[in-house]
Amino acid sequence: MDSLKGKIIRGVGGFYYVASGADIYECRAKGAFRKEGLKPLVGDDCVIDIIDENAKTGNVSEILPRRNSLFRPEVANVDLILIVFAVKNPDPSLNLLDRFLINLELEKLPCIIAFNKEDIDADSDGERYISVYKNAGYDARLISALTGEGFDELFDSLKGKTAALAGPSGAGKSSTINRLFGKEISQTGELSAKISRGKNTTRHSELFIIGEDTYICDTPGFTSFENRGIEKEDLWKYYPEYVSHEKNCRFAGCSHISEPDCGIKTAVEEGKISKVRYENYCMIYNELSSRKKY
Ligand SMILES: Nc1nc2c(ncn2[C@@H]2O[C@H](COP(=O)(O)OP(=O)(O)OP(=O)(O)O)[C@@H](O)[C@H]2O)c(=O)[nH]1
Ligand SMILES: [Mg+2]
Ligand SMILES: [Zn+2]
C-alpha cells in the first residue's frame, strides 16, 4: 500500500482531511490511536496509507511528533496564536482574555492580541484595552476586518508562520481570515440581536493557506476557560509584568493578595500594573485556592 506524508487541515465527523501537495485526502484515523489516547488534531503532520488514489481516500496511520498542541482551541504545531476580541459587539471579557493568556504563558506560545471592530469603536475603548495589554508586555493592536485597518501589519507579522485564531464567538475570527485571504473562505455569522453574542458559526478548526508557508487556523469561539496545570502559588509567574516587581515583596512566597509590603500591590497602586489585570489575578487565585485537588 502506498503511503505519503501530509498535514491535517480539517477534522469533522470522524473524517480527517489531509493536505499533501495540491491534493486533499479524506481519511479515517487508525483505531489504535484511540487506544493510545491520541486524538489527531488539525495542524498535525501525519502519514497516511492511500486506499484509493483516484477517490483521494486513505487512513491516517501515524501522527508525527508535535512541536506543541493546545486543548482550546484544539490545534497542533502552531507558531503563534492570533487572539481576536471585539472592542464591542460583543463586549470583550478581559477576564476571559487573561485566563487565556495565562495558558499561553504556560504553553510558552507567543501571541498577538487583536481588538477587532475598530470601525464601531466610537468611545475609543479599544485604545484603553490596547494600553492595558501593551503595558503588560504584549503585542496588542486595533484592527477592523470590515475596513481592513491594521491588516497590512498583521499580514507581515503572520508571514511564514502557522497561526491559530482564538477568541469568543462573534469577535470576527472568520472575518479576519477572509480579510487576510482576500475573499470569503470561511463562513461568518451575525450576532444574536437580543444578547449581542455570537452564534457559534464556526464549529470546527480548519487550516487555511494565506500565502507562501503561511497558514492560519480558524477555530470555534469559546466563552469560558478553565486554567489547568497551574498551582495558585505559581499564578503570578504567568503575568509577564509582575516578574520585575515581585522582588519587592517583603515575604518569600507572597501570594500578592493580603500580605503587607507587597511589590505587586504597590505597583498596582502606583499605576505600573493594570488594576483590571490585578483584579482578574485575585479572582483566578481564589478560584485556584478553592479548587479540589485530584
Ligand atoms: N463592524 C464590524 N463588524 C465586524 C467586523 N468583523 C466582523 N464583524 C461582524 O461580526 C459578526 C461575527 O463575525 P464572525 O467572523 O463570524 O465571528 P467569529 O469570531 O468567527 O465567530 P464564531 O465563528 O461564532 O466563533 C459578523 O456579523 C461580522 O460581519 C469588523 O471589523 N467591524
Ligand atoms: Mg467563525
Ligand atoms: Zn507580593
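Two strands are taken to pair if DSSP finds at least two bridges between them, and strands (E, at least two residues) and helices (H or I, at least four) are DSSP runs numbered from the N terminus. The model is a predicted one: local features need pLDDT of at least 70, side-chain atom pairs count only at pLDDT 80 or more, and totals for chains, interfaces and linings use all residues. Residues are numbered from 1 along each chain as its sequence is written, while chains are lettered from A and ligands numbered from 1 in the order in which they are written.

On one side, β3 runs antiparallel to β2 (residues 15–20), with five bridges joining the two; Tyr 17, for instance, has Glu 26 of β3 as its bridge partner.

As for the domains, whose bounds come from an automatic or database assignment, the chain has domain 1 (3–65), domain 2 (70–218) and domain 3 (232–290). The C-alpha centres of domains 1 and 2 are 27 Å apart. Nine residues of domain 1 are in contact with eleven of domain 2 (contact: C-beta atoms, placed from the backbone, within 7 Å). On the domain 1 side, strand β1 (residues 3–12) supplies the largest share, four residues.

The largest nonpolar core has 51 residues, and Val 18, Ile 81, Ile 83, Ala 114, Ala 164, Ile 216 and Cys 217 touch the most other members. Such a core is a set of buried Ala, Val, Leu, Ile, Met, Phe, Trp, Tyr and Cys residues joined through C-beta atoms within 7 Å, buried meaning that 20 or more other C-beta atoms lie within 10 Å of the residue's own, all placed from the backbone. Strand β8 (residues 80–86) gives the largest share, six residues. Domains 1 and 2 both contribute residues, so this core lies between them. Apart from it there is another core of twelve residues, including Leu 235, Cys 249, Ile 273 and Tyr 278.

Finally, ligand 1 has 25 residues around it, of which Gly 172, Ser 174, Thr 188, Thr 202 and Gly 221 come nearest (near: C-beta, placed from the backbone, within 6 Å). Helix α5 (residues 173–181) gives the most to this shell, three residues.

Key
Contact = placed C-beta atoms within 7 Å.
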